[in-house]
Structure formats: C-alpha cells, structure tokens
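Reader: I am new to this structure. Please show it to me, and then let me ask about it piece by piece.

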Amino acid sequence: MKRRTIVISATFYSVLVIIILSLAKNIFNTIEVEGISMNPTYTEGDKLLIQTKFKDIKRNDVIIYETKSDEDITYIIKRVIGIPGDTIYIDNNNTVYVNDKPFDDTYGYYDDNEGYETNITYTLSDNEYFTLGDNRNHSIDARATGNISKDRIIGTVLFRYKKNK
C-alpha cells in the first residue's frame with residue numbers, strides 16, 4: 001500500500017511540474033539584446049527575462065515589441081516614455097516633456113546633441129506608447145518609427161539574468 005501511495009504522489013508531482021512549466025512558458029520568455037540602443041542599461045549580448053502576459057505597461061518600463069519588414073519580424077527593445085493619452089515634446093536641448101512637465105529622464109544618455117529633429121510634439125491616442133532607446137543618439141525609436149500600438153508589444157523586461165562580459 002505504501003508503494004502505491006509513493007507512485008501516486010510521484011505521478012501527481014510530475015504532472016504538477018509539467019503544468020507549471022507550461023504556464024511559465026506562456027507567461028515568461030527570454031531574449032538576447034542586439035545592438036547599442038539601450039546602452040548603458042542593457043548591452044549587446046545581455047540575456048533578459050520578459051513577462052509576456054498580465055502586466056500593465058507603465059512609464060519607464062522597458063518593453064519588447066515587434067516590427068515587420070517584408071517577411072522578417074524583428075524584436076525591438078526600448079523604454080516607455082509616453083502612455084496612451086500623453087503628449088510628448090522634445091526641445092532643442094533634448095529635454096523630454098510629458099504632458100508639459102519635464103520628464104525625469106534618468107536613463108537617457110546623449111553622447112552629443114546631434115541626431116533627431118527637436119522641437120517636435122508627439123500625441124498618443126488610445127493603446128499607443130512612445131518609446132526611446134536609452135542611448136538616445138544611437139537608437140531608432142518612436143522618433144523615427146512613430147508611436148507603438150499595444151498589439152505589437154510582446155512583453156516587459158523583468159530583469160537581466162546574464163550580463164554580457
């Protein structure tokens with residue numbers, strides 16, 4: 001009788017582990033950073049754990065979204081600056097304003113003052129987000145590609161689990 005109990009317990013726990021792993025695969029995913037647009041926060045080769053479900057997207061979240069060109073799908077990593085309904089303005093000094101207030105841009109890095117056009121306003125409608133790379137002068141982001149619709153967002157970065165050496 002005791003042997004039968006052990007077999008039933010082992011089967012139960014095996015099935016439970018399979019269910020948990022299946023759920024985790026649908027909620028979490030991993031991605032490797034390519035490029036320099038998120039330097040110094042994330043560098044090329046860093047491996048990140050992302051949450052793909054059940055998360056509200058907030059300002060300063062780092063998201064992964066998809067972009068399609070021809071038949072290729074590329075995954076992009078950027079920081080959320082604006083959320084639905086926001087108005088974003090970037091002045092000549094690259095100061096970012098969200099809804100007419102200076103944005104606490106602790107992650108933004110500029111190595112010079114060249115690159116994108118300034119003195120421009122971006123208005124977000126429902127389900128749109130405005131994103132920037134942390135390495136502002138070396139990032140193709142919403143300033144070039146436009147606002148990101150929520151249906152293109154794959155997930156949000158939870159943490160880096162392996163830093164590139």
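Reader: Which residue stands opposite E32 in β2?

Author: This is a predicted model, in which local features need pLDDT of at least 70, side-chain atom pairs count only at pLDDT 80 or more, and totals for chains, interfaces and linings use all residues. Residues are numbered from 1 along each chain as its sequence is written, and side-chain values use heavy atoms, with hydrogens and water left out. β1 and β2 (residues 47-51) pair in the antiparallel sense over 5 bridges; strands (E, at least two residues) and helices (H or I, at least four) are DSSP runs, numbered from the N terminus, and two strands pair if DSSP finds at least two bridges between them. The residue opposite E32 is K47.

Reader: Which strands stand at the edges of the open sheet of 7 strands, with a single partner strand each?

Author: The order in this sheet is β1-β2-β11-β3-β4-β9-β10, with antiparallel pairing. Each edge strand has a single partner, so one side of it is left without a neighbour in the sheet. The edge strands are β1 and β10 (148-149).

Reader: Which residue of β4 does Y65 stand opposite?

Author: β3 (residues 62-69) and β4 pair in the antiparallel sense over 8 bridges. Their hairpin has 2 residues between the strands, and D70 there takes a positive phi near 55°. Opposite Y65 stands I76.

Reader: And in β9, what stands opposite G82?

Author: β4 also pairs with β9, in the antiparallel sense, over 3 bridges. The residue opposite G82 is F130.

Reader: In the open sheet of 4 strands, which residue of β7 is the bridge partner of Y97?

Author: That sheet has the order β7-β6-β5-β8, with antiparallel pairing. Its edge strands, each pairing on one side only, are β7 (101-102) and β8 (120-123). β6 (residues 96-98) is joined to β7 by 2 bridges. The partner of Y97 is P102.

Reader: Which element gives the largest share of the lining of the largest pocket?

Author: A pocket is found on a 1 Å grid over the protein atoms alone, as an open set of points where a 1.4 Å probe fits, with protein on both sides within 12 Å along at least five of seven lines; lining residues have an atom within 4 Å of a point. Here 14 residues line the largest pocket, and E32, E34, T74, Y75 and I76 lie nearest its centre. Two or more lining residues come from each of β1 (28-32) and β4 (72-82). The largest share, 6 residues, comes from β4.

Reader: How far apart are the closest N and O atoms of D86 and R59?

Author: D86 and R59 form a salt bridge, meaning a side-chain nitrogen of Lys or Arg within 4 Å of a carboxyl oxygen of Asp or Glu. D86 lies in the loop between β4 and β5 (87-90) and R59 in the loop between β2 and β3, so the pair ties together parts 27 residues apart in sequence. D86 is buried at 5% relative accessible area, while R59 is partly exposed at 32% (buried is under 20%, exposed over 50%, partly exposed in between, with a 1.4 Å probe and protein chains only). The closest N and O atoms are 2.4 Å apart.

Reader: Is N137 buried or exposed?

Author: N137 sits in the loop between β9 (128-132) and α2 (142-145). The C-alpha atoms of N137 and T30 are separated by 26 Å. With a relative accessible area of 16%, N137 is buried.
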